[in-house]
Structure formats: C-alpha cells, structure tokens
Amino acid sequence: MAEPKQVLGSLRNRLAVTLIGGATILAVLLFLVVRNYAAQIAQQGQDSILAASVSSILDAAVLRDNQVEIDFPYASFSMLTTPADDRVFYAIYRDDELLSGYVDLPRPDHIAAQAHHYQTLTYSGTPVRISTASRVLLGADLRTRVTVSVAQTQDALSDTLNSISRNVASVGFGFFVLAVLLSFWVTSTTVAPLNRLARSVTRRGPQDLSPVAQPVPTEMVPLVSSLNSLMARLNQSLTQSEDFIAEAAHRVRTPLATVRSYAETTLQRVDKEENRQALRSMVRAIDESSRAAGQLLDHAMISFRADQLEYQDLDLVELVQDLVLRLAPVAEMKDIELRLDLPEPVPVKGDSILLQNAIRNLIDNALKYSPSESIIDIRVSSDPRSQVEVRDQGPGFPPDEIADLALRFSRGNNATGTIGSGLGLTIAQDVALAHGGAMTLTNREKGGACVIFSL
Ligand SMILES: Nc1ncnc2c1ncn2[C@@H]1O[C@H](COP(=O)(O)OP(=O)(O)OP(=O)(O)O)[C@@H](O)[C@H]1O
Ligand SMILES: [Mg+2]
C-alpha cells in the first residue's frame, strides 16, 4: 500500500512549536517590560533624593552684604548614602560663576526657575545622574541667581536593577518551562482524538466497512463524514465487483462447456479421420480457453480478495484432505497415488477459498507434470511454520526457468503439449504472500518437483 505523502510535517510538532514560540516571546516580553518598569521606579527614587539634596542646599543659601553664603546642612549629602558607596559630586554657581564644588561638573544650559532638571551623563568616566535647580536671592539693591547641581554615580541603582533582572529572568524562565510542559500536554490531548481515530480504523477487520461511530471533536466531524461516505461507496463498488466476477465466470464458462459437449457428441458421429482430427483440436482449444478463463477469473478473484482477507480458523490438514478427495478421480485416471503425510490438526488463520485455490493449483501441477503410475507426496506440517509440501516424481521444474515460473502467464519449456495458462503458480504465490507466507520451488535430488507453501 502506498505511504501517504508527508507534505505538511507533523501537526503535533507544529502545534508544539507554535505554543513554545509564543511562550518564548511572552517570557522575553515579560522580562523586558518588568525590567524597564523597575528601572523607571528606581530612577525616580534616586531623582527624588537628589532633588531633596539640591533643595536643602538651595534653602540654606542667603544673601548677606551682597555676598552669597551657604551653610548647608549635614543631611544634604548624608541622605545620598547608598549601600554601594556611590560617589557624590556637587557644584554651586552664582549666576554664571562657580562658587564652590567641582569645576568640571557638566552644567545644564538653561534651567527653568523652581524646576528641577535631571540628566544622565558621563562624568569622570562613570555614568552619573545629575539634578540641578536654581533660586533667585533678593538683597536690598541686588538680585542674584544661585544654581545648585548635585550628581551621584549609579552603582547602587544598577545593583538593584541587576538583582531585579535576575529575579524577573528566573520567574520568566519558570513560566517558560511551565508553558513548554503545558504545550506538550495540550498538543498530545489535541492530537489524541486523531490518533484514536487512526487506530480504530487500522484495527478494523478487512471486511469491516461500517461507518466510524466513535465520538470525535467538532473539527474532525467533516473528516469522519467524508471517511464514512468513502467507505459506503467502497462497500458498494466492492459488492459490484464481486458480482461482476461471479457473473463473468458464469458467462464465459457455460457457453464453452456447451460448445465442448457439442464437439464431443459430434466426434462420436464423425468417421472421417481428418474431421475427427479437426474436432479433437477444437475440443483441445476449448479446454485451453476454458482453463484460461477459469484461471483468469480465479486470479482476478484472488487479487480482489487478497486486499481484504476473510480470516477464518481453519485446519490445514482438513483442507488438504478435502482437496485430495476431490482430485482423486483425476489422479486415478493417470494411475497416480496421492500419498498423504498428515499430522494432528494444524490450525491456521486464513481465507479458506484462497487457500483451497492455491493448494489445488499445486496438486494440479503435480498431477499434470508427473508421469503415470508415480507417487505424489503431500505433507502438512506445523514446524517451523504451518506449511504444505507437494513433491512429485516428474521431470521437475526447468532449472533455468525456476525463478520466473511464478510470474504471470509464465510457462516452462516442459509445459508444451499440456493445457495450461501459466497462472497456477502466480495464484499460489499471491495467496501465500497475502497471508504473510511464502512459496518456494525446488527440485528434489532424486528428481521431481517440490513446492513448499508456507503461511
Ligand atoms: N510439478 C511440476 N513439475 C514440473 N514443472 C512444473 C510443475 N509445476 C509447474 N511447473 C512449471 O511451471 C510452469 C508454471 O506453472 P503454473 O501452474 O503457473 O502454470 P501452468 O500449470 O502452465 O498453467 P495453469 O495456469 O493452468 O496452472 C508450468 O508451465 C511448468 O512449466
Ligand atoms: Mg498449473
């Protein structure tokens, strides 16, 4: 049977890949969003402390004798202490001139009054967050602007962020693993009904063309309906072919039998030798045609049944005994002894019509190709396999043709003059193969053909 083309790959794998891919994207998104949010919150925390520090310095600024004096409180810097010992820098300007602090601390270009300005920049090789604000001081006849910048490195902040990232990454990974497990579970439960359907169809007997009755998910209903309608049509066409084979056999054989009986009767009445000769050839031709028709129809029937074997519990010994009984008259006519070696019953499972047909062809060949007054040995055994062995004392198979004799319409050079169509061994071999067995042809050392038909 042809394997179905696997063009779309596995449904289960696609589903699993989609789900796992989705889970990966979600886990990465979760990580990025949470990390970004945490970074914002941490930054806001640092900003508000920096702003408080700047404000406390600005609040301490006073104008005395036209001089700006700042006695800034201890808390202004101590509030900036962090576990990572972040460094703090500051600068105080009166209008544009540096009053105190780090000369090179970057200074924002313009600052709105009362508003705090924040910036992240690099100072002395490390990233720092800088907060700047200004305040106008009014004296008796003077108006001056004091600007304060306080900057802080971000070591504690990045430590916090790293630890948050690690935690979020582990949670994200946990979710990912959970999602992978879930996706495996989901895929197998989704694919399970399909597998169940496939198993139930495979497990059916070859004759079982009844509709699938097992409940299936909604999405599979169209598939099962088409399957059922296909089986209904198949059932119908099988019945038609069976009828056709029977009908064809009948139509071909009956008129041939009639013609043959007329020819035989005429032969009795005709005296002229050349007419008798013609009639004999006619009878022979009719026999050939009728044999060919019979074998062709048997072969067609076997090809047809082999696809849907009707297994029955049979006894191979009984089957052979029955055949021998039916072929005994033919054997008697040729003075051939059919010697049986039958053990206890050999139970087999098989299609009795096919098996009878196959073994009959083997015995028929032995009768046809061996000389009168010889012996045909028929042995049934169950060891190593259930098998039937037919040995005769004839000329044996033509050795150079033995490999091809089981091919369709193949006849050996020893068959000239014998009626036959070259289908007997083909039928026997097809039946053996359909039952998972084999047929081997050999010649016996002492002469004669030997066929082993095993199941
Ligand atoms: N027992 C035998 N002894 C010798 N030759 C045999 C024997 N059985 C078969 N053969 C050879 O194998 C050939 C094929 O056998 P097969 O049974 O397929 O065809 P057939 O007997 O010629 O025709 P039919 O289809 O009527 O049986 C025969 O023509 C014959 O040459
Ligand atoms: Mg034959």
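1. The lining of the largest pocket draws at least two residues from each of four helices: helix 4 (221-269), helix 5, helix 6 (316-333) and helix 7. Helix 5 spans 273-306 and helix 7 spans 352-369. Helix 5 provides the largest share of this lining, with 7 residues. Please read all of this as a predicted model.

2. The volume of the largest pocket is about 620 Å³. Its lining has 23 residues, and those closest to the pocket centre are Arg291, Val330, Asp364, Lys368 and Ile419. By class, the lining holds 10 charged residues, 8 nonpolar and 5 polar.

3. The volume of the largest cavity is about 370 Å³. Its lining has 28 residues; Asn365, Tyr369, Phe397, Leu405 and Leu425 are the closest to the cavity centre.

4. Helix 7 gives the most, 5 residues. The cavity lining splits into 14 nonpolar, 10 polar and 4 charged residues.

5. What takes up the largest cavity? Ligand 1 does: the space it takes is the largest cavity. Around ligand 1 there are 22 residues, and the closest are Arg291, Arg411, Asn414, Leu423 and Leu425. Arg291 is also among the residues closest to the centre of the largest pocket. Leu425 is likewise one of those closest to the centre of the largest cavity.

6. The shell around ligand 1 can be traced to helices too. Helix 5 (273-306), helix 7 (352-369) and helix 8 (424-434) each supply at least two of its residues. Helix 7 has the largest share, with 4 residues. By class, the shell has 10 polar, 8 nonpolar and 4 charged residues.

7. Asn414 places a polar side-chain atom 2.6 Å from an oxygen atom of the ligand. A polar backbone atom of Leu423 is 2.7 Å from a ligand oxygen atom. For Gly412, a polar backbone atom lies 2.8 Å from an oxygen atom of ligand 1. How much of ligand 1 does the protein bury? Taken alone, ligand 1 exposes 590 Å², and the protein buries 99% of that.

8. One peptide bond needs a check. Asp383 and Pro384 are joined by a cis peptide bond, with omega about 0°. Pro384 sits in the loop between strand 11 (375-381) and strand 12 (387-391). Most peptide bonds are trans.

9. Asp65 is not a glycine, yet its phi is positive, near 50°. Where is Asp65 found? Asp65 is in the loop between strand 1 (61-64) and strand 2 (67-70). Most residues other than glycine have a negative phi.

10. Helix 7 gives the most to the lining of the largest cavity. Helix 7 also has the largest share of the shell around ligand 1. In the lining of the largest pocket, the largest share comes from helix 5.

Conventions: Residues are numbered from 1 along each chain as its sequence is written. Chains are lettered from A and ligands numbered from 1 in the order in which they are written. This is a predicted model: local features need pLDDT of at least 70, side-chain atom pairs count only at pLDDT 80 or more; totals for chains, interfaces and linings use all residues. Side-chain values use heavy atoms; hydrogens and water are left out. A residue is near a molecule or strand if one of its heavy atoms lies within 4 Å of it. A polar contact is a pair of N or O atoms within 3.5 Å; within protein, one must be able to donate a hydrogen and the other to accept it, and residues adjacent in sequence count only if both atoms are side-chain atoms. Accessible areas come from the Shrake-Rupley method with a 1.4 Å probe; for residues, only the protein chains shown count as cover. On a 1 Å grid over the protein atoms alone, a cavity is a set of points where a 1.4 Å probe fits but cannot get out, and a pocket is an open set with protein on both sides within 12 Å along at least five of seven lines; lining residues have an atom within 4 Å of a point. A molecule sits in a cavity or pocket if more than half of its atoms lie within 2 Å of its grid points. Ala, Val, Leu, Ile, Met, Phe, Trp, Tyr, Cys and Pro count as nonpolar, Asp, Glu, Lys and Arg as charged, and the others, Gly among them, as polar. Grid points are joined across faces, edges and corners, and a volume is the space filled by probe spheres set on the points.
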